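Hi,

Here is the structure I promised to pass on.

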Amino acid sequence: MVNTRISTSGLNLWFGKNHVLQDVNLSVHEKKVTAMIGPSGCGKSTLLRCFNRMNDLIPETRIEGTIMLGEQDIYAPKADVTRIRAKVGMVFQKPNPFPKSIFNNVAYGLVIQGKYSKCDLHGRVEESLKAAWLWDEVKDRLHSSAMSLSGGQQQRLCIARALANSPEVLLLDEPTSALDPQSTAKIEELCLELKKSVSILIVTHNIAQAGRISDYTAFMYLGQMVEFGKTDQVFTVPNDKRTEEYLTGVFG
Amino acid sequence: MKSFKEKSFQSITYITSLFTIVILMGIIYSLFREGLPLFKTVSVKEFLFTQNWYPTHSEPEFGAWALIAGSFYVTLGALLIGVPLGLGSAIFVSEVASPKLKEIAKPVIELLAGIPSVVYGLFGMAFLAPLIRQWFNLNTGLNVFSASVILGVMIVPIIASMSEDALSNVPKSIREAALALGSTKVECIFRAVIPSAKSGIIGSILLGFGRAIGETMVVLMVAGGSAQIPKGIFSSVRPMTSTIAAEMGETVMGDLHYQSLFALAMVLFIITFVTNLITELVFLKRSFR
Amino acid sequence: MNRRKLQNYLGLGVLGLFLFITFAFLIIFLVRMFYMGSSVLSLEFVTTNPRNAMTEGGIFPAVVGTFWLTTLAILVATPMGVLTAVYLTSYGRPMWFVRLVKIAINTLAGTPSIIFGLFGMAIFVNLMRLNISLISGALTLAILALPMIINATEEALRGVPSDFSEASLALGATKRQTILRVMIPTALPNILTGTIISIGRIAGETAPIMFTAATFYSRRLPESLSDEVMALPYHIYALMTEGTHSASQVPIAYGTALILLLMVLSISGVAVFIRFNIRRNRKW
């Protein structure tokens, strides 16, 4: 029996007159990795950014349908956007640590919510860095600039920064596309470890990556959710012809 | 739902922004409030187009034409010197100079912009004017020519830095196209690059004009100060700005003389305001970015 | 072909000549200022009061006056300028209001400084009855500095990559928290550069303080905001145009000008240095 962490029903999204997401239905299961694949411009990143309302930042965005985060409708008029974003962590395509110290990067989410006292903060930062497998590499230089880390380390720092908020869901938007193969492998392994405690939704261009780490796979094409199911099933016996064509490299 | 803190922070930024408009309105209001009453006594036509400026006589006359003309003479002279120097330097730095020379030239030109105008005034008054007097065998070196030289140098950095921006925004492909067609460097610069950067260059010259006509200390110290239409480049003149600066101290608040100086400031403000607006809207298109 | 070649070298030569003349003027100017100024320069010159109707002694009150005028002006103008720039870059609605603010800023930036002086006299000195005082002059200078600080800050804030603000918002920060904790700290070195440059500009301004703050001679230092003050730029002007002992006043004027010049140039030197370091160390 699996629980649903995020579910969308009848989700439609427009950027101005552009109908970017068309009637999307999706369920993200608790403590699993769900991968979203599809060709560029299919709307997978836009969908991902719906889950923490980052699309709010783009002017002339219109949204219909509902997205439930657990019991909560995150597009309800009364919903507190900042609280939702704290509960739904996000890691971006390009590592984007703040030009602050490593410590202050990880502490950022906690500090702005004013929830922690000074010594709690230290513990929580350590915990998050350990969870992101970065602690051993940076424990001696917590107060040096995050900009001095390598690309892969920076991305794991961004993961640690998101984890510090104790999110229920972690959104990863092509997190390895700017990284070398070794750093990529490390982050993939990390995902498998992290799913013990958090639901993960990952957008990826890399089909093989989806196959390696995900439990469920969603295939999107031209703004529609073409297929969604267990990864081994989608990869071996896809229901839709377009899925099969994409997976075998007919287009992409 | 936005919290109280969010809303109040946004309101504060909104109010400070509003303040810039309030200040501008305040400037216009104060100039007109103090200056307009003059025209109850002196007609606009008399003020603008006659040239007897005797504000302290027992029967005072307020013909500002010589002062307005004085401003334009000096400014024109400044442009004749500042435009070739500024534009020439900009073109040389942007198109010809080696990267190393570029790295030196740009801060040096910026340095010129940082010199306070009163120091330019001192230099003009105590160094340049005596030289000019000697060289040309004049009674005084404080005249249109000296003021134009100093003002001209003052506007070099404005013209140079803005037209350098315009030139460096010209795409490389235009230069390559011109050179590939067999033009020499100079032909490429004058027939391909400069025409493409035209509006930015004209904008920079207009800004230089606005700066020169509004400059006070240099003309106050170097232009000589007689309220007459200049007869040549070695005549002494009294531009609007130096009239205001020199005479304001002698006025009593609210008397005709005081009002006439504010009226002069109105004329000056309108000139710079219109110049600015044209520059911004037509040539630089910055306000609507 | 030869004619064109000749034309080419001639053209390049003339362009180079213009740059050379600009350089030459600056060199003559600096040499003259240092040569004439250094003859009266001494520690005593900067730290003592003028004596004997300005024909002897130092310029200490003017140094102090300029320091206070500039400091107060910047303290008033910087927060206002930064907040306005925040509005323009981060809130920026409604659009017509933004355009109006931008036109106002550009107009203020192009307005001659003597007009700020008249405005200060009409509003601060007369209407608000602050009289000719330190505070009237500082407020006038603050208005003069405002457009420079707004423009520099706006550019600095626009230079902050959107990656940073997105990351902050995605972590659950509010817009205000994002601005105060990420945008402004990231843009701070550039904001600082802009502010320092405007310090250099207003420290050298004469026309705006002529009728609002400056006095030719004061035996004592300013003790409160409502005192008249001496100021370096006005002191130079006064020495050159008032008084009757030009033989002894001109060297003092040169000395004062050299002090002002050194102050202003070292201030902009600091700004250039900061900017240089930002460019070198920037990692994003």
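Below is what turned up where the chains meet.

It is a predicted model, so local features need pLDDT of at least 70 and side-chain atom pairs count only at pLDDT 80 or more, while totals for chains, interfaces and linings use all residues. Residues are numbered from 1 along each chain as its sequence is written, chains are lettered from A and ligands numbered from 1 in the order in which they are written, and side-chain values use heavy atoms, with hydrogens and water left out.

**Chains C and B**

Here 78 residues of chain C are in contact with 82 of chain B (heavy atoms within 4.5 Å). The two chains bury about 7,300 Å² between them, with carbon and sulfur atoms giving 78% of that (accessible area, 1.4 Å probe, lost on being put together and summed over both). On the chain C side, C:Leu15, C:Phe25 and C:Arg176 lose the most area to chain B, together 8% of what that side buries. There are three salt bridges (a Lys or Arg side-chain nitrogen within 4 Å of an Asp or Glu carboxyl oxygen). C:Arg176 also turns up in a salt bridge with B:Glu6, at 3.2 Å, N to O.

**Chains A and C**

This contact takes 25 residues from chain A and 18 from chain C. About 1,800 Å² is buried, 64% of it on carbon and sulfur atoms. A:Tyr108, A:Ile112 and A:Met147 supply 28% of the area that chain A buries against chain C, more than any other three residues. The salt bridge count is two, and A:Arg49 and C:Glu166 meet in a salt bridge at 2.7 Å, N to O.

Cheers
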